[in-house]
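Q: I've got a model open and I'd like to learn how to read its features. Can we take them one by one?

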Amino acid sequence: MKSALSLPKRFVSWTTFLVAGLAPVFLFAETTFSDGQAALGDVASLPKISVEGNRFVDPDGETVILRGVATVDPAELERRGQWDRSYFEAAASWNANVVRVAVHPLWWRQMGKDWYLQALDDAVRWSGELGMYVIIDWHTIGNPLTEVFHRDIYETSRGETFRFWYTISQRYAGNSTVACYELWNEPTNRGGKMGRLPWSEYKEYIEELISMIRAIDETSILLVAGFNWGYDLSMAKNDPIDFPGVAYVSHPYPQKRPAPWIEHWERDWGFMADRFPMVCTEFGFMSEDGPGAHVPVIGDEVYGEALIGYFEEKGISWTAWVFDYRWSPQLYSDEDYTPTRQGAFFKKKMEELNP
């Protein structure tokens, strides 16, 4: 048996010292549950973005449209030895003004909170220095009500999801470079195969999450995705999230609906942009013979022109998927960041449209 004096400090009580006949000494743990997560230190500060009606605006009330790229998970790049500032420099060289950083639940557990916070701190610091905003994305796919998920990498729980955003919102509260929190990447129940997913119950889940975050961070913009793998917002038309400062997400890949697309987009999700800000945080295209090609991403520049034109008409922000050469549809083809066909297309759009 260990003596009282050999126990960790946080377990040594006043009673222990009295029993031992020693003068009481106050010994404190390095941290307790009530201690807040340390916030990120000084970083390059970008103008704070907020929600005004259906727009993102800067402190002068000028409209801000985010156009950029979605990144792979920091843990994936770390495994390749590629998690460094040059990755963000490449995105900035394409004239992106935002990066969406994905965090997979399985890797969050495996790598640990401390590693991820350091990695996200790096992402925020590098992005701010390069003039890009950051969206932090909890990259899970499945039914949050039944906790049935698309693959093991996406598996999480209600408690873990709430703890993740508890940690993240404390870390980045008041940080103007972190523009948005994307609360749940792609809610889906695969047509009932993952169990029931009524909008009313999903909405209650999200609103409870927002309530917690708002108590910590009053000014962050919270992104809420629709159903059908983050695509469909039709159920929110008459029953939107009951909190201010919320924007909506869709993932309009080319094969989600047949061409011509615009009529479908307007009916399925685009109508929300008339009332709320929107960020399409995933979309893209590739040929059917490309590496990793799969439904629903098979498409070409005809789709790309239609989508970007629709975004511009509606004032919708976007991050193209994915800034990588392995995950698909790839935006570049090698470690030198050589654009793929879709990469060249969206790079040109960012060069043309971003100030």
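Q: Which way does H5 pass H6, left-handed or right-handed?
A: Two packed helices are described by the angle between their axes and the distance between the axes. A crossing is left-handed if the near helix is turned anticlockwise from the far one by less than a right angle, and right-handed if clockwise. In this case H5 passes H6 in a right-handed crossing. One caution: this is a predicted model, where local features need pLDDT of at least 70, side-chain atom pairs count only at pLDDT 80 or more, and totals for chains, interfaces and linings use all residues. Residues are numbered from 1 along each chain as its sequence is written, and side-chain values use heavy atoms, leaving out hydrogens and water.

Q: At what angle do the axes of H5 and H6 cross?
A: Roughly 40°, with the axes of H5 (residues 113-129) and H6 (residues 158-172) coming within 12 Å. Helices (H or I, at least four residues) and strands (E, at least two) are DSSP runs, numbered from the N terminus. Axes are lines fitted to C-alpha atoms, for helices over the stretch in contact, and angles run from 0 to 180 degrees between N-to-C directions. Angles under 35 degrees count as roughly parallel, over 145 as roughly antiparallel, 65 to 115 as roughly perpendicular and the rest as oblique. H5 and H6 are therefore oblique to each other.

Q: Which residues of H5 and H6 meet?
A: Contact means heavy atoms within 4.5 Å. Lys 113, Leu 117, Leu 120, Asp 121 and Val 124 of H5 meet Thr 167, Ile 168, Arg 171 and Tyr 172 of H6. By class, that's 5 nonpolar, 1 polar and 3 charged residues (Ala, Val, Leu, Ile, Met, Phe, Trp, Tyr, Cys and Pro count as nonpolar, Asp, Glu, Lys and Arg as charged, and the others, Gly among them, as polar).

Q: How do H10 and H11 cross?
A: The axes of H10 (residues 301-314) and H11 (residues 341-353) come within 11 Å and cross at roughly 25°, so these helices are roughly parallel to each other. Their crossing is right-handed. Glu 301, Gly 304, Glu 305, Ile 308 and Glu 312 of H10 touch Arg 341, Phe 345, Phe 346, Lys 349 and Leu 353 of H11. This contact has 4 nonpolar, 1 polar and 5 charged residues.

Q: Where are the cis peptide bonds?
A: One joins Ala 259 and Pro 260, with omega about 0°; Pro 260 sits in the loop between strand E12 (246-249) and helix H9 (262-268). Another runs from Val 295 to Pro 296, with omega near 20°, and Pro 296 is in the loop between strand E13 (278-280) and H10.
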